Amino acid sequence: MTITFFTLDIIINSDVFLDTGIGIPNSIYKRFGESILSNDAKLLLSALDGEYRSRTKLKNRGKGLQLVKEYAMSNKIGKLLIISNKAIIDYEGGNLINSRVTKENSLNGTLYYCEIFKEVN
């Protein structure tokens, strides 16, 4: 779903994507002990940081989240919110604003919300 807002000098596109799979924390490779010692937010941040976490071991897999984070950090994406299983990750203005685990029900899958700003010439 895409929602577009217009102001006098900026266009804001808001996009929401929902992946109804098993969720990023459940799909990545976990090192010995991580299943017990880690949480969904730490695992998701690890994948966003580009740590090679693909369970498939294929070289062309596991690169997309790092690219999404690079866009968020470079302000190409003004706001990025990722909710996956119990993890909530929030970037705004190129900064990590929030990284936490919800105590509420888990989202089965991954929801991406982003705002992309474009200046009007």
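This is a predicted model: local features need pLDDT of at least 70, side-chain atom pairs count only at pLDDT 80 or more; totals for chains, interfaces and linings use all residues.
Residues are numbered from 1 along each chain as its sequence is written, and side-chain values use heavy atoms, with hydrogens and water left out.

Let's start with strand 3, residues 79-85, where five of the seven residues are buried. Buried here is under 20% relative accessible area, exposed is over 50%, and partly exposed lies in between, with a 1.4 Å probe and protein chains only. Helices (H or I, at least four residues) and strands (E, at least two) are DSSP runs, numbered from the N terminus.

Strand 3 pairs with strand 4, residues 87-92, in the antiparallel sense over six bridges; pairing takes at least two DSSP bridges between the strands. One residue links the two strands in a hairpin, and S84 has A87 as its bridge partner in strand 4.

Now, what does D40 touch, leaving out residues up to four places away in sequence? Its contacts (heavy atoms within 4.5 Å) are P25, S84, N85, K86, A87 and V101. D40 belongs to helix 3, residues 40-48, and counts as buried because its relative accessible area is 18%.

Finally, helix 4, residues 64-73, has L65, K69 and A72 as its buried residues. They sit on the same side of helix 4 because they cover an arc of only 60° around the axis, taken from the directions from the helix axis to the C-beta atoms. Just after helix 4, N75 has a positive phi of about 65°. Thanks, everyone!
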